[in-house]
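User: Hey, I've just opened this one and I'm new to it. Can you walk me through it?

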Amino acid sequence: MLPALNQIGAQQAQPTQEILKKVQRLMDYANTYKNAYVRFYASDMQLMVDSDAAYLVLPKARSRIAGYFRLANTPSSKYKYKDNGAILIECHTLRDVVTSAAEAETKGVFQNAKLSLPIHHLLIATKYPQFPTPIAKDNTTTTGFVHNNTGMKRSKSWDMNLDWLR
């Protein structure tokens with residue numbers, strides 16, 4: 001529902017019949033699944049993040065990023081891994097125009113890593129030790145950039161804004 005709300009919110013200044021149809025579809029969806037629930041399982045409280053981005057999917061050459069934050073068992077846990085429900089879901093439009101899908105994915109990882117820090121520190125403060133937070137991503141260029149394995153030429157915006165990930 002977050003991407004639909006994001007898109008409707010971005011276009012509400014110039015409402016059209018198409019926006020009205022999208023709002024009606026969203027309301028129908030919410031009414032159809034009004035008894036949805038999230039189930040949580042006992043876990044070791046290890047923070048995990050899934051990050052994704054969609055390149056040039058919005059008007060005016062905009063891209064969208066999303067993050068799915070959850071708590072699960074540690075990799076070395078004796079318990080079988082079960083995917084817990086989300087504790088935070090982030091979905092928003094990038095403010096600046098990115099030049100590639102790889103840059104959009106990397107900016108998504110950057111935003112989600114920034115959001116994970118307070119949660120990570122809160123879990124440590126409440127006596128749940130944390131390993132480095134794994135962030136799942138689906139772009140090999142982003143992985144190469146974060147782990148400093150690529151020898152590509154980057155723009156200054158990549159250097160200034162995203163070097164923190166390393």
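Predicted model: local features only at pLDDT ≥ 70, side-chain atom pairs only at ≥ 80, totals over all residues.

User: OK, in what order do the elements run from the N terminus on?

Analyst: They go α-α-β-β-β-α-β-α-α.

User: And where is the confidence lowest, and where highest?

Analyst: Helix 5 (residues 156–162) has the lowest confidence, with a mean of 58, while helix 3 has the highest, at 89. For the protein, the mean pLDDT is 78, and 78% of the residues reach 70 or more.

User: Got it. On to the sheet: in what order do the four strands sit?

Analyst: The order is 3-2-1-4, in an open sheet with mixed pairing. Strand 3 (86–93) and strand 4 (135–136) are the edge strands, each pairing on one side only.

User: Which pairs run antiparallel, and over how many bridges? Start with strand 1 and strand 2.

Analyst: Strand 1 and strand 2 run antiparallel and are joined by 10 bridges. One example there is alanine 53, which stands opposite isoleucine 65 in strand 2. Strand 2 and strand 3 are also antiparallel, with seven bridges; in that pairing, alanine 66 has cysteine 91 of strand 3 as its bridge partner.

User: What about strand 1 and strand 4, parallel or antiparallel?

Analyst: Parallel, over two bridges, with strand 1 covering residues 46–58. Aspartate 50 has alanine 136 in strand 4 as its bridge partner.

User: Which helices pack on that sheet?

Analyst: Helix 1 (residues 2–11) does, touching strand 2 (62–72) and strand 3, and its direction makes about 30° with that of strand 3. Helix 3 (residues 101–125) packs on the sheet too; it touches strand 1, strand 2, strand 3 and strand 4, and its direction makes about 150° with that of strand 1.

User: Back to the hairpin. How many residues are between strand 1 and strand 2?

Analyst: Three, and lysine 60 in that turn has a positive phi of about 60°.

User: Why is strand 2 described as largely enclosed by the rest of the structure?

Analyst: Because eight of its 11 residues are buried. For the protein, buried residues make up 31% of the 166 residues.

User: Changing topic: what does proline 3 touch?

Analyst: Leaving aside residues up to four places away in sequence, proline 3 touches Arg64 and Cys91. Proline 3 lies in helix 1 and is partly exposed, with a relative accessible area of 37%. The C-alpha atoms of proline 3 and histidine 92 are 7.6 Å apart, although the two residues are separated by 89 residues along the chain.

User: How many of the contacts join residues at least 24 apart?

Analyst: 65%, counting contacts between residues at least 6 apart in sequence.

User: Last one: how many aromatic pairs are there?

Analyst: One. Tyrosine 29 and tyrosine 33 form that pair, which is tilted, with 4.9 Å centre to centre and 50° between the planes.

User: And are those two buried or exposed?

Analyst: Tyrosine 29 is partly exposed, at a relative accessible area of 44%. Tyrosine 33 is exposed, because its relative accessible area is 52% and exposed means over 50%.

Methods:
Residues numbered from 1 in each chain as written. Heavy atoms only, no water. Phe/Tyr/Trp six-rings, centres within 6.5 Å; stacked < 30°, edge-to-face > 60°. Buried < 20%, exposed > 50% of the residue type's maximum accessible area, 1.4 Å probe, protein only. Pairing = 2+ DSSP bridges. Contact = heavy atoms within 4.5 Å. Axes fitted to C-alpha atoms, helices over the stretch in contact; angles between N-to-C directions. pLDDT = per-residue confidence, 0-100.
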